[in-house]
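Reader: I have a chain open here and would like to go through it with you. Can we start with the terms?

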Amino acid sequence: MKTIDGQRRYALHFYDYVSTFQFVAYLSTLDAPEFRKAIEYAKETVLLLTNGTKVKHIWSDAFSTYLSASLASLRLSTGLNLNVFPPHAHSSNPVENCIRNSTRSCRKNIANLVGTVVQGKALTKDDVPEWWLHGYEYGIQRANTSPNATLLRRVGEGVNPLMIMTGDKSARLDLSEAHA
């Protein structure tokens, strides 16, 4: 799908098992060099958010582009362990659930844009698909800043994924807003 910048077509999801924090790298193609850049982006993002934690393991689906020789050099140079989920095990891959939830959220967010005035022009139903990247990202950010049942069970207090990822649990959250 064409975006407002005309370049991004794909969303590559990253999910931290411990914090349930998720983020997305938006790609123009599914080629290995772009995947490699996305891996580097993920490593830098985690390093910044956690004040120095290095990514050691990444689990991926078995998409053949992601398993090319280009990535072998990445694994060797960084010591990164790139594991692959079995192709028949979508139910054990938490990112699949994130993709489903993010897509659902994006559709709602985009539908809400109809009628919004941008640069003096009201957006129509035909205009809003160009804004999917922003609608998608808003859904991701909302999930990262909302408490969830998984963290409540795991941590025992009201926290959101961003708090766990950064280690800053100083803000108090309204648990009535928790989602499963």
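Author: Start with burial: a residue is buried under 20% relative accessible area, exposed over 50%, and partly exposed in between, using a 1.4 Å probe and protein chains only. Threonine 50, with a relative accessible area of 18%, is therefore buried.

Reader: What kind of model is this, and how are residues numbered?
Author: The model is predicted, so local features need pLDDT of at least 70 and side-chain atom pairs count only at pLDDT 80 or more, while totals for chains, interfaces and linings use all residues. Residues are numbered from 1 along each chain as its sequence is written, and side-chain values use heavy atoms, with hydrogens and water left out.

Reader: How many helices and strands are in the chain?
Author: The chain has six helices and six strands. Both are DSSP runs numbered from the N terminus: helices are H or I with at least four residues, strands are E with at least two. The pattern along the sequence is β-β-α-β-α-β-α-β-β-α-α-α.

Reader: And what share of the chain is made up of buried residues?
Author: Of the 180 residues in the chain, 35% are buried.

Reader: Back to threonine 50. Where is it found?
Author: In the loop between H1 and strand E3 (57-60).

Reader: What does its side chain reach?
Author: The side chain of threonine 50 reaches the backbone oxygen of valine 46 at 2.5 Å. A polar atom of that side chain also lies 3.0 Å from the backbone nitrogen of threonine 53. The cut-off for a polar contact is a pair of N or O atoms within 3.5 Å; within protein, one must be able to donate a hydrogen and the other to accept it, and residues adjacent in sequence count only if both atoms are side-chain atoms.

Reader: New topic, the nonpolar core. Which residues touch the most other members in the largest one?
Author: Leu12, Phe14, Phe23, Ala38 and Ile39, out of 16 residues in that core. The elements giving two or more residues to this core are E1, E2 and helix H1 (32-49). H1 gives the most, with five residues.

Reader: What lies apart from it?
Author: Another core of 11 residues, including Tyr26, Leu123, Trp131 and Leu133. A core here is a set of buried Ala, Val, Leu, Ile, Met, Phe, Trp, Tyr and Cys residues joined through side-chain atoms within 4.5 Å. As a general matter, nonpolar side chains in soluble globular proteins tend to be buried together.

Reader: How many aromatic pairs does the structure hold?
Author: Seven. Tyrosine 15 and tyrosine 17 form an edge-to-face pair, 5.9 Å centre to centre with 90° between the planes. Phenylalanine 21 and phenylalanine 23 form a tilted pair, at 6.1 Å and 45°. The rule pairs rings of Phe, Tyr and Trp (its six-membered ring) if their centres lie within 6.5 Å; planes under 30 degrees apart are stacked, over 60 edge-to-face, and the rest tilted.

Reader: Are those two phenylalanines buried or exposed?
Author: Phenylalanine 21 is buried at 7% relative accessible area, and phenylalanine 23 is buried at 9%. Phe14, Phe21, Phe23 and Tyr41 form one aromatic cluster.

Reader: What about the tyrosines?
Author: Tyrosine 15 is partly exposed at 23% relative accessibility, and tyrosine 17 is partly exposed at 39%. Tyrosine 17 lies in the loop between strand E1 (10-15) and strand E2 (22-27).

Reader: Salt bridges next. How many does the count come to?
Author: Two, where a salt bridge is a side-chain nitrogen of Lys or Arg within 4 Å of a carboxyl oxygen of Asp or Glu. Glutamate 40 pairs with lysine 43, their closest N and O atoms being 3.8 Å apart. Lysine 121 and aspartate 127 meet at 3.0 Å, N to O.

Reader: How are glutamate 40 and lysine 43 placed in helix H1?
Author: They are three residues apart in the helix, so about one helical turn separates them. Glutamate 40 is partly exposed at 26% relative accessibility, whereas lysine 43 is buried at 19%.

Reader: And the other pair?
Author: Lysine 121 is partly exposed, with a relative accessible area of 46%, and aspartate 127 is buried, with 15%.

Reader: Last one: where is asparagine 93 found?
Author: Asparagine 93 is in the loop between strand E4 (81-84) and helix H3 (94-113), and it is buried at 10% relative accessibility. Asparagine 93 and serine 60 are 33 residues apart in sequence and 8.8 Å apart in space, C-alpha to C-alpha.
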